[in-house]
Amino acid sequence: MSLGHACVDVYQGAVAALVPYFVAERAYSYAAASSVVLAASLLSSLVQPLFGVLTDRWAMPWLLPLSALTAGAGVALSGVTGSYALTLAAVAVSGVGVAAYHPEAARVARVVARGRHRAMGWFSFGGNAGFALAPLLVFAVVATGGLRASPLLVVPALAGAALCAAAVRSAGSGAGSAGASTAVGEDDWPSFLRLSGAVVCRSVVFVGLSTFVSLHVREHTGSGEAAGTAALFVLYAGGAVGTLAGGRLAERYGRTAVVRRSYALTVLAVAGLVLVPGPPVYLFVALTSAGLYVPFSLHITLGQDFLPRRVGTASGVTLGLTVSVGGLAAPALGALADATSLRTALLPLVVLPALGRLLLCGLREPVPPGAAAPEGADPQEPVAR
């Protein structure tokens with residue numbers, strides 16, 4: 001499941017990694033380039049809840065290989081047409097594939113993980129590793145062959161489809177049974193909505209930086225395409241490590257405590273990334289990555305435990321919808337960058353994790369019925385059930 005997740009999430013990272021090449025080869029403005037990210041996110045945002053609801057009612061393991069192929073086909077076609085409208089359509093198709101994958105994949109992963117934070121951390125690690133590899137993959141293909149070589153980017157999708165099919169067969173009957181039918185516990189919608197609001201704030205920061213950090217670092221350091229690709233790789237690669245760390249830290253300190261501290265770190269890290277000049281920007285990119293990714297898998301398990309009767313819906317929101325929503329803000333950041341400067345456009349991203357931290361204040365640690373409290377969690381902290 002983790003390897004299949006990596007192959008699918010390559011295509012979430014690939015769209016942002018293609019932005020500098022659209023700017024260079026097709027002379028897109030910041031607003032036009034960021035609208036490519038919007039196109040990938042918009043349909044994904046709209047259909048993600050639908051797939052979550054369907055997953056709550058019916059198990060659809062067959063959807064995993066199909067969605068992997070769809071995600072890859074859209075990105076592969078995005079570079080072969082000179083039409084801006086067709087490029088937007090191609091990345092939108094990719095976004096639908098990504099949206100279809102995540103709720104069902106999270107349900108199957110939860111069955112396999114049996115509620116263990118570290119196991120879900122490995123599942124999330126796969127997705128974040130795919131993100132991390134996306135800039136290197138795009139650089140290897142497009143920097144040498146231009147956008148016309150983009151059909152080669154379909155290769156991870158083929159591998160992902162095969163891995164997903166194998167994972168479903170290995171999971172056996174557990175993957176083929178709907179989790180909703182055996183769910184116990186009460187849904188805590190107020191806590192889930194507060195968590196979702198925080199994840200939306202995180203999403204806008206993440207997608208905004210994914211879209212523009214390459215261009216920002218190139219301007220900041222006066223370097224070329226390789227410097228920008230390196231910055232994007234650091235942003236994504238640090239996340240792969242942070243996701244695994246998040247699972248371990250949660251078992252020791254509790255999920256809500258780790259999530260709150262991560263958002264606080266993100267405020268300081270993004271401020272340094274935007275404001276500190278020169279090569280130290282890479283250090284702040286790495287710290288930003290840690291702040292954004294340590295809570296990544298914890299968002300998923302918290303959401304699932306807040307809505308134990310609607311695991312698919314919770315997964316669709318925490319893993320998909322709220323991640324995609326960040327793309328909706330990208331054109332606004334691009335328009336602001338065109339009107340002022342890229343550095344000015346990135347300044348609002350300092351405020352958003354602070355807002356997310358406020359939403360998380362007082363959020364209670366949910367514990368599934370019959371499960372023990374996390375090791376190291378404050379025994380006086382109230383527990384949502």
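Which side chains meet in a salt bridge at 2.2 Å, N to O? To find out, select aspartate 187 and arginine 310, whose side chains form that pair. A salt bridge here is a side-chain nitrogen of Lys or Arg within 4 Å of a carboxyl oxygen of Asp or Glu.

**Before going further**

The model is predicted: local features need pLDDT of at least 70, side-chain atom pairs count only at pLDDT 80 or more, and totals for chains, interfaces and linings use all residues. Residues are numbered from 1 along each chain as its sequence is written, and side-chain values use heavy atoms, with hydrogens and water left out.

**The whole chain**

Helices (H or I, at least four residues) and strands (E, at least two) are DSSP runs, numbered from the N terminus. Of the 385 residues, 58% count as buried; buried means under 20% relative accessible area, exposed over 50%, and partly exposed in between (1.4 Å probe, protein chains only). The chain exposes about 14200 Å², of which carbon and sulfur atoms supply 68%. Such areas come from the Shrake-Rupley method with a 1.4 Å probe, and for residues only the protein chains shown count as cover. Among contacts with a separation of 6 or more, 83% are between residues 24 or more positions apart; contact means heavy atoms within 4.5 Å.

**The salt bridges**

The structure holds four salt bridges. Return to the pair of aspartate 187 and arginine 310. The two residues are 123 residues apart and link distant parts of the chain: aspartate 187 is in the loop between helix H6 (155–171) and helix H7 (189–221), while arginine 310 is in the loop between H11 and helix H12 (311–339). Aspartate 187 is buried, at 19% relative accessible area, whereas arginine 310 is partly exposed at 35%.

Next, select Arg255, Asp305 and Glu365, which are linked in a network of salt bridges. Arginine 255 meets aspartate 305 at 2.9 Å, N to O. This pair joins helix H9 (residues 255–275) to helix H11 across 50 residues. Arginine 255 also pairs with glutamate 365, their closest N and O atoms being 2.7 Å apart. Here the link runs between helix H9 and strand S1 (residues 365–366), 110 residues apart. Arginine 255 and aspartate 305 are both buried, and glutamate 365 is buried as well.

**Helix H11**

How many residues of helix H11 are buried? The count is 11 of the 11, so the helix is largely enclosed by the rest of the structure. Including Asp305, the buried residues range over Phe296, His299, Gln304 and Phe306, among others.

**A nonpolar patch**

Now turn to the surface and select Leu42, Leu43, Leu46 and Leu328, a nonpolar patch with about 350 Å² of accessible area together. Patches are made of residues with over 30% relative accessible area and no salt bridge: like charges are joined within 9 Å, nonpolar side chains (Val, Leu, Ile, Met, Phe, Trp, Tyr) within 5 Å. Helix H2 (residues 30–57) gives the most to the patch, with three residues. Leucine 46 lies in helix H2 and is exposed at 60% relative accessibility.

**The cysteines**

Finally, select the cysteines. The count of disulfides is zero, a disulfide being a pair of cysteine sulfur atoms within 2.5 Å. For cysteine 7, the nearest cysteine sulfur is that of cysteine 164, 7.6 Å away. Cysteine 7 is buried at 13% relative accessibility, and cysteine 201 is buried at 6%.
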